[in-house]
Amino acid sequence: MKQTEQLRHDDKNLREAVRRDMADAPQLPADFSLRLQQQLQPDIISRRRWYRMIAAIAALMVVGGLVWAIIPQLTSPREATEHTEAQASPQQDLEVASMVYFSNTSLDSLLSVVGAHYGRAVCFHDESLRQFRFTIRWNCSQPLSTFLGNVNEFDGLQLIDRRDTIFVDAEKEVLP
Amino acid sequence: MSEIETNIKLIEAAARGEHRACDAIVSQFGQTMFGIIARMVSDRRDAEELTQDALLRGIRQIGSYDPTRAPLKSWLCRIAYRTALNHLRRPTIETASIDDLPPTAESDMVDSFMREPDDHRVELLQRAIRRLTDDEQLLVMLFYYEEMPLADIAYIIAQTPNALGVRLHRIRQKLNNMIKQDDL
């Protein structure tokens with residue numbers, strides 16, 4: 001085999017003849033590399049598509065993981081708050097439960113409810129006051145005096161608790 | 001980094017669509033691959049397309065390249081050779097028998113014709129080379145022009161180095177005979 005390898009160097013005429021023959025041989029066109037690149041494009045696009053899919057899946061997993069990690073943190077404080085509220089709630093619950101909301105209700109209707117609650121009769125000195133309409137909150141757990149004080153804030157009204165009766169009168173102007 | 005590693009990285013860069021890597025591959029390996037295919041496939045356009053196919057196959061299958069078996073260039077040339085064979089639907093080139101070795105006396109005459117530098121002989125040889133079969137031209141090209149070791153050529157065309165050696169001797173004698181007949 002070594003002798004055969006030696007032919008490459010010894011056969012000077014044949015080597016030169018082959019060299020000249022190759023000089024005349026057709027060459028690859030100048031745009032061959034560009035064409036090769038174009039042929040490779042679908043591979044690259046397909047590979048990029050795979051990368052994108054993998055990236056999308058990875059992103060979904062990361063987002064999913066974050067959501068999974070964050071949700072308990074988001075819900076826990078609320079639950080804690082609710083728990084705290086629940087602990088503090090008997091009084092508040094009582095308040096909420098004892099709160100009555102009168103919306104555009106006549107004074108006559110309003111006082112019949114309130115009076116019944118506190119065991120009071122209602123006496124209107126001025127009958128026209130029965131049609132006074134109120135929008136007011138009443139906490140029935142509070143004393144009657146508190147409620148009456150709130151109502152007396154309205155101009156032209158004076159409610160007095162006396163001898164188990166709520167007396168309703170028009171507010172008298174205080175003369176100087 | 002070794003030459004092999006550099007070349008593999010070059011091909012991987014081409015696979016990623018890097019323009020310069022494609023240019024480098026074509027200039028480094030493309031012309032030899034085209035030379036092999038063009039020797040076997042007469043139509044130039046077919047040869048160009050087959051060269052492109054072979055290069056694409058090489059780039060896509062670079063992961064299967066085993067540097068311990070052959071240099072990268074030989075591996076790519078083997079792909080080019082196989083691509084051309086598939087195109088021609090031929091299993092392989094004809095093989096030579098050890099019995100085909102020329103007699104010693106005649107062999108000496110051939111040696112003398114090939115070795116003593118003579119421009120006229122070069123011209124005669126150049127014309128004679130073009131009358132060789134495609135397979136013979138391919139072997140001459142890889143051996144004398146590309147200066148590939150017989151082991152690498154054997155890897156490319158799937159023959160034993162010994163069989164190729166015999167075949168080379170036969171080709172030299174054939175060239176000598178052609179020239180002699182022309183003189184007569």
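Visitor: How is secondary structure assigned here, and in what order do the elements of chain A run?

Guide: Residues are numbered from 1 along each chain as its sequence is written, and chains are lettered from A in the order in which they are written. As the model is predicted, local features need pLDDT of at least 70, side-chain atom pairs count only at pLDDT 80 or more, and totals for chains, interfaces and linings use all residues. Helices (H or I, at least four residues) and strands (E, at least two) are DSSP runs, numbered from the N terminus. Chain A has five helices and five strands, and from the N terminus on they run α-α-α-β-α-β-β-α-β-β.

Visitor: Which helix of chain B gives the most residues to the side that touches chain A?

Guide: Two residues are in contact if their C-beta atoms, placed from the backbone, lie within 7 Å. By that rule, 44 residues of chain B are in contact with 33 residues of chain A. Elements giving two or more residues to this side of chain B include helix 1 (3-15), helix 3 (44-60) and helix 9 (161-183). The most, nine residues, come from helix 2 of chain B.

Visitor: Is B:Ser107 buried, exposed or partly exposed?

Guide: B:Ser107 belongs to helix 5 of chain B. A residue is buried if 20 or more other C-beta atoms, placed from the backbone, lie within 10 Å of its own, exposed if 12 or fewer, and partly exposed in between. With 15 such neighbours, B:Ser107 is therefore partly exposed.

Visitor: Which residues touch the most other members of the largest nonpolar core?

Guide: A nonpolar core is a set of buried Ala, Val, Leu, Ile, Met, Phe, Trp, Tyr and Cys residues joined through C-beta atoms within 7 Å. Helix 2 of chain B gives the largest share of this core, eleven residues. Leaving aside neighbours within four places in sequence, B:Met33 is in contact with residues including B:Leu55 and B:Leu76. Of the 62 residues in the core, those touching the most other members are B:Met33, B:Ile37, B:Ala80 and B:Ile153.
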